[in-house]
Amino acid sequence: MGFCIKQFCLASSLSLFSCGLLAAERQAIGDWQLQSTLNSIEASTSNGGTSFGLYCQADQCMFYLHDTLMCQPGARSPILMSGVGNAASLSIQCTQIGGVLFQILEPFNTVFDELKKGGLVSFAVPLQNGSFGVSRFSLNGATEAVRRALQEAGKSKQTQPPVLVVPPVIRIEPPKLGIPPPTPPVVPGARRLQDIMI
């Protein structure tokens, strides 16, 4: 009988511990949420079906708006951002990432600088009917959530397993005429981790 009680206590402890591990994947910081998966990390906040946040995947991070409106991948449009004591003109580009449409905010540093000020931030997006859609978000917890997301993205980049290199095949080719090697694709509006100063 005592053995069964010990097994029950052990099973209960393990289930509580595993629930704690699952909760660690999503963490509230002020009005912001920090959420990580195996391949990405995101710091975001939402208000009325619209979300604003930072999304990092591989070594790229980007600020985005996500709402219920459908946009065409590749479409660009102007947007106004208003924060504590100032406003800025930005652009958004509709980009599909993992089957989800995001509106990537550019320039990255302008959004990042506004986020660091705290308070509230508003975005006015032109709509097809000639009016504006306005979304407001609290920046309470934003600086800390984004800082942690960038740190975790940097750590995950460092801990990725090494890539196995196939021995090169020796080919004799004519000299190239100064054409630079292809660069990996970059999501519009994204910044590489090494280019972001916290």
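User: Why is F63 called buried?

Analyst: In this predicted model, F63 has a relative accessible area of 0%, and since buried means under 20%, F63 counts as buried. F108 has a relative accessible area of 3%, which is also under the 20% limit, so F108 is buried as well.

User: What makes the pair of F63 and F108 a tilted one?

Analyst: The ring centres of F63 and F108 are 4.8 Å apart, and rings pair if their centres lie within 6.5 Å. Their planes stand at 40 degrees, whereas stacked would need under 30 degrees and edge-to-face over 60, so the pair is tilted. This pair links distant parts of the chain, with F63 in strand β5 and F108 in helix α2, 45 residues apart.

User: Which residues form one aromatic cluster?

Analyst: The cluster is formed by W32, F52, F63, F108, F112, F123 and F137, and a search of the whole structure finds ten aromatic pairs.

User: How do you know that the charged end of K116 sits over the ring of F112?

Analyst: The charged end of K116 is 4.3 Å from the centre of the F112 ring, and the distance limit for a charge over a ring is 6 Å. The label also requires a position within 35 degrees of the ring normal, and K116 is listed as sitting over the ring of F112.

User: What puts the buried residues of α2 on the same side?

Analyst: The buried residues in helix α2, which spans residues 108-117, are F108, V111, F112, E114 and L115. They cover an arc of only 165 degrees around the axis, which puts them on the same side of α2. Just after α2, G118 takes a positive phi of about 80 degrees.

User: How do you know that C56 and C61 form a disulfide?

Analyst: The sulfur atoms of C56 and C61 are 2.1 Å apart, and a pair of cysteine sulfur atoms within 2.5 Å is taken as a disulfide, so C56 and C61 qualify. The torsion about their S-S bond is about 115 degrees, so the disulfide is right-handed. C56, with a relative accessible area of 2%, is buried, and C61, at 0% relative accessibility, counts as buried too.

User: Why is the pair of E106 and R76 called a salt bridge?

Analyst: The closest N and O atoms of E106 and R76 are 2.9 Å apart, and the rule asks for a side-chain nitrogen within 4 Å of a carboxyl oxygen, so the pair is a salt bridge. E106 is in strand β8 and R76 in strand β6, 30 residues apart. At 18% relative accessibility E106 counts as buried, whereas R76, at 49%, counts as partly exposed, because the exposed class begins over 50%.

User: What salt bridge do K155 and E152 form, and where do they lie?

Analyst: The side chains of K155 and E152 meet at 3.4 Å, N to O, which is within the 4 Å limit. Both lie in helix α3, three residues apart, about one turn of the helix. K155 has a relative accessible area of 47% and is partly exposed, and E152, at 37%, counts as partly exposed too.

Notes: Residues are numbered from 1 along each chain as its sequence is written. This is a predicted model: local features need pLDDT of at least 70, side-chain atom pairs count only at pLDDT 80 or more; totals for chains, interfaces and linings use all residues. Side-chain values use heavy atoms; hydrogens and water are left out. Buried means under 20% relative accessible area, exposed over 50%, partly exposed in between (1.4 Å probe, protein chains only). Helices (H or I, at least four residues) and strands (E, at least two) are DSSP runs, numbered from the N terminus. The arc is that of the directions from the helix axis to the C-beta atoms. Rings of Phe, Tyr and Trp (its six-membered ring) pair if their centres lie within 6.5 Å; planes under 30 degrees apart count as stacked, over 60 as edge-to-face and the rest as tilted.
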